[in-house]
Amino acid sequence: STAMRLPGSFARDFYDKFKIELSEAYGIIEVGLPFINCGADETRRGSVGRILPGYEIKLAAADNEGAGEILLRGPGLFDAYFSPWRTRAQLDRQEWFHTGDLGKQDQDGFLYLVGRDKDVINFTGMKIFPYEVESVLNRHPAIKESLVYGAPHPQYGQLPAAKIVLDNSTEAQLDLTEVRKYCYKQLAPYKVPKKIEVVTDLTKTPSGKIKRG
């Protein structure tokens, strides 16, 4: 699985049906394929693995939870962008490629993606990663998929908000108060969406990714 973060519910359902752990990879066209998790360890599910030989990783401006922007360098780095023309050296003299992706590593060096830098919600100076909240919402039995985003607020900067698509098997109208209580059991209070909207579908890119912004 590559091109986008593998939802935990997909990995779990695939394993329950086929008894095979999916391999999750992290590849970038400017860098190559620096990470791939080929292990069969359920406890490492959600990780893209450890960095492959020849590559280096650095997490820039990590927060108090250890998450920071993923910087990579290695033998497969691109030479330049064609339009507008910018060489690799012009982008970073130390030849680190700033991916714009956010991640954190455990004590054994396994990398976990937590989102994109531009998608982080800033709530009174505290960072909220949409993927983390979405993974909780998507585990709710009545929710098929979700999109978490920052709603502008004059006092708090941004408020976490969510759009959810209900599972087809859900017949009764969903109690949104119950959904928020469900989130409170698994998330810090400031990460729980202050507004939840039920929608029929979420806009996606041609590759099937949920379109943000």
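A polar contact here is a pair of N or O atoms within 3.5 Å, where one must be able to donate a hydrogen and the other to accept it. Keep that in mind as you click around; what you have open is a predicted model.

**Stop 1: Glu 134**

Select Glu 134, which sits in helix α3, residues 130-137. Is Glu 134 buried or exposed? Buried means under 20% relative accessible area, and Glu 134 comes in at 6%, so it counts as buried. Now show its side chain and look for the backbone nitrogen of Val 148: the side chain reaches that atom at 2.8 Å. Leaving aside residues up to four places away in sequence, Glu 134 touches Ser 146, Leu 147, Val 148 and Arg 212.

**Stop 2: the rest of α3**

Along with Glu 134, the buried residues of α3 are Pro 130, Val 133, Val 136 and Leu 137. Turn the view until you look down the axis of α3: its buried residues fall within an arc of 160°, so they line one face of the helix. What do those residues pack against? Color these elements to see: β9 (121-123), β10 (126-128), β11, β12 (157-166) and α4.

**Stop 3: helix α4**

Before moving on, zoom in on the N-terminal end of α4. Asp 175 caps it, with a side-chain oxygen 3.0 Å from the backbone nitrogen of Thr 177.

**Stop 4: Leu 174**

Select Leu 174, in the loop between β12 and α4. Leu 174 has a relative accessible area of 14%, so it is buried. Show its surroundings and you'll find that Leu 174 touches His 140, Ala 142, Ile 143, Ile 164, Leu 166 and Val 179, again not counting residues up to four places away in sequence.

**Stop 5**

Pick Cys 38 and Cys 183. Cys 38 is exposed, at 56% relative accessible area, whereas Cys 183 is buried, at 0%. Counting pairs of cysteine sulfur atoms within 2.5 Å gives zero disulfides.

**Stop 6: the four-stranded sheet**

Finish with an open sheet of four strands in the order β3-β4-β7-β8, paired antiparallel. Strands β3 (56-60) and β8 stand at the edges with a single partner strand each, so one side of each is left without a neighbour in the sheet. From one strand to the next, the twist averages 45°.

Five bridges join β3 to β4 (residues 68-73), and Ile 57 has Leu 72 in β4 as its bridge partner.

Then cross to β7 (residues 97-105), which pairs with β8 over five bridges, antiparallel. Here Gly 103 has Leu 113 in β8 as its bridge partner. The hairpin of β7 and β8 has five residues between the strands, and Gly 109 takes a positive phi near 90°.

How many residues of β8 (residues 111-116) are buried? Five of its six, so this strand is mostly covered.

Key
Residues numbered from 1 in each chain as written. Predicted model: local features only at pLDDT ≥ 70, side-chain atom pairs only at ≥ 80, totals over all residues. Heavy atoms only, no water. Helix = DSSP H or I, 4+ residues; strand = E, 2+ residues; numbered from the N terminus. Buried < 20%, exposed > 50% of the residue type's maximum accessible area, 1.4 Å probe, protein only. Contact = heavy atoms within 4.5 Å. Pairing = 2+ DSSP bridges. Axes fitted to C-alpha atoms, helices over the stretch in contact; angles between N-to-C directions. Arc of directions from axis to C-beta.
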